[in-house]
Amino acid sequence: MEEGTPAPSDLPYRELFLSVVEELPDAVFTKDLQGRYTFINGAGASYLGLPVERILGRKDGELISAEEAQRTLEFDRQTLLAGRTIHAEMHEHMAGVPREWLSTKGVLRRPDGQVVGLFGIARDLSTHRRNEAAQRQSEALFRAAASSSFDAFFIVRGEQEHLRLLRINAHAESLLGCEARQAEGRPLSDFPHAAFLATRALCEQIWRTGRPHDDEVEQVRPGQGRRWFRRQLSAVGDCMAITLRDITEQRENELRLRLNERMASIGMLAAGVAHEINNPLAFVSSNLGFLATELRRLALPEEDQRELLEALTEAREGTERMRLIVESLRALSRGDQTTTHPLDLHEVLENSVHLAWGRLRSRGRLVRDYGELPQVLGNSVQLAQVFTNLLINAAQALPRSGGEIRLVTRMQGTTQAVVEVHDNGCGIPAENLERVFEPFFTTKPVGEGTGLGLSISHDIIRGLGGSMSVDSVVGEGSTFRVFLSVVDEARDEETRPEDGSRFQHSAA
């Protein structure tokens, strides 16, 4: 030993030991071989509910219940017999309080190895267990409350490189496309389709200012089309609580209300136009009939008379078509149900081609590919409106040269007729494809489109019990398909009255 170095007996180990154990939250004690306490710190004394001086020199039987004292004595005996340190979890009532202990006991030996007593360290696990139970209960309550909510709920934590998902509810599972146990703990960036939930920049702004964020976001969801969400973000420490509510139905109802308001205005206009056209149209139709009658009385060359009569016949067909259009306008203004009847779809298509021919002939060529079709149940005026609109749209999409529109008819199964309008035009971008039937949605320049043509056409076909679809590739062209029910001849015969007339079908 170097000169000046203090001897071990001079070092303040006892004082250091006493200072340390008095700061510990655990009970620390020693006992002699008779089970009398020779030392106990303040934490141990508080657990027994007695001052230190009343504990020292006494046994457990004098301090706690006989049952608990017996259990403690058994643990002491096991420790002394084993001659080593033993760990165990114990449940006891100390000072009238139920406690769970993590108890450690070992033997005390003199320098010569003789056992002179034992020591013990007891850690109260009750608070820890209660905290664990409270946490489990809190999580269960969160799950129950969040799952019963109509909103998708997320808690994310800000980390250096990621926003990490900590908790989500059942509606959030649906939005992410996986269960909570698969999503929780993963970075939000693992779910690119849900990146709109929160950006790092937005979260940093909320953390910096402490102000919640509330806005609406619009997203195209795979397989669901365009959706609208109400998004709310609130900072909680280094975490962010995000609530997402699907308000698509509300937005669609608002759009539908605006459409109804516009349609009401159109209906009032249609009623006025129909009234103004109907009277002069009756004069024209009547005079054309008179001219046809008088023309047959004139002594004209047969060829000249035939040509004139054909011209008058076409004019009378035109006035009849105008009359049906006027009737359709009047029905629109009144909100009447539209009458339907069996009709030849090819005849309706040819009428539509004739109406749109002024636009078609200057843009490209028209190719017909008609298959064998039975009659379909529909309304000739409304279907002509639909197909004329599709033909004009196709013509407007064609390139300046080499444009082609193909009209295809075929059967799908035995109950549906299909009309396809193909064009090799500019095509429709994918982000707009799911919106083409929305009211007032148009990609045409201002003044060239109202966004109502396809929407009204879609509603007409749906009202007739059919459906519409569209496929498109940008730069290659588009295909619109109209599906209509064919006439069931057997059922039609069953509904025919005994006098041979037909009942009139109607569709909303």
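Reply: Begin with contacts around one residue. This is a predicted model. D423 touches A394, A397, L398, E404, I405, E476, G477 and S478, leaving aside residues up to four places away in sequence. D423 sits in strand 15 (residues 416-423).

Me: Which side chain of opposite charge is nearest to D423, and how far away is it?

Reply: That is R363, 9.8 Å away. A salt bridge needs the nitrogen and the carboxyl oxygen within 4 Å. D423 has no salt bridge, although it is buried. Its side chain does reach the backbone nitrogen of G425, at 2.8 Å.

Me: How many salt bridges are there by this rule?

Reply: The count comes to 30. One of them pairs D26 with R123, with the closest N and O atoms 2.9 Å apart. The two are 97 residues apart: D26 is in the loop between helix 1 (13-23) and strand 1 (27-32), and R123 is in strand 5 (residues 115-124).

Me: Is D26 buried or exposed?

Reply: Buried means under 20% relative accessible area. D26 is at 9%, so it counts as buried. R123 is partly exposed, at 44%.

Me: What about R231 and D215?

Reply: Their side chains meet in a salt bridge, 2.7 Å from N to O. R231 lies in strand 9 (residues 225-236) and D215 in strand 8 (residues 213-221). Both are buried.

Me: Which residues form the nonpolar patch on the surface?

Reply: L269, V273, I277 and M322, with about 330 Å² of accessible area together. Helix 9 (residues 248-297) gives the most, 3 residues. V273 lies in that helix and is partly exposed, at 33%.

Conventions. Residues are numbered from 1 along each chain as its sequence is written. This is a predicted model: local features need pLDDT of at least 70, side-chain atom pairs count only at pLDDT 80 or more; totals for chains, interfaces and linings use all residues. Side-chain values use heavy atoms; hydrogens and water are left out. Patches are made of residues with over 30% relative accessible area and no salt bridge: like charges are joined within 9 Å, nonpolar side chains (Val, Leu, Ile, Met, Phe, Trp, Tyr) within 5 Å. Accessible areas come from the Shrake-Rupley method with a 1.4 Å probe; for residues, only the protein chains shown count as cover. Helices (H or I, at least four residues) and strands (E, at least two) are DSSP runs, numbered from the N terminus. Buried means under 20% relative accessible area, exposed over 50%, partly exposed in between (1.4 Å probe, protein chains only). Lys and Arg count as positive and Asp and Glu as negative; His and the chain ends are not counted. A polar contact is a pair of N or O atoms within 3.5 Å; within protein, one must be able to donate a hydrogen and the other to accept it, and residues adjacent in sequence count only if both atoms are side-chain atoms. Contact means heavy atoms within 4.5 Å.
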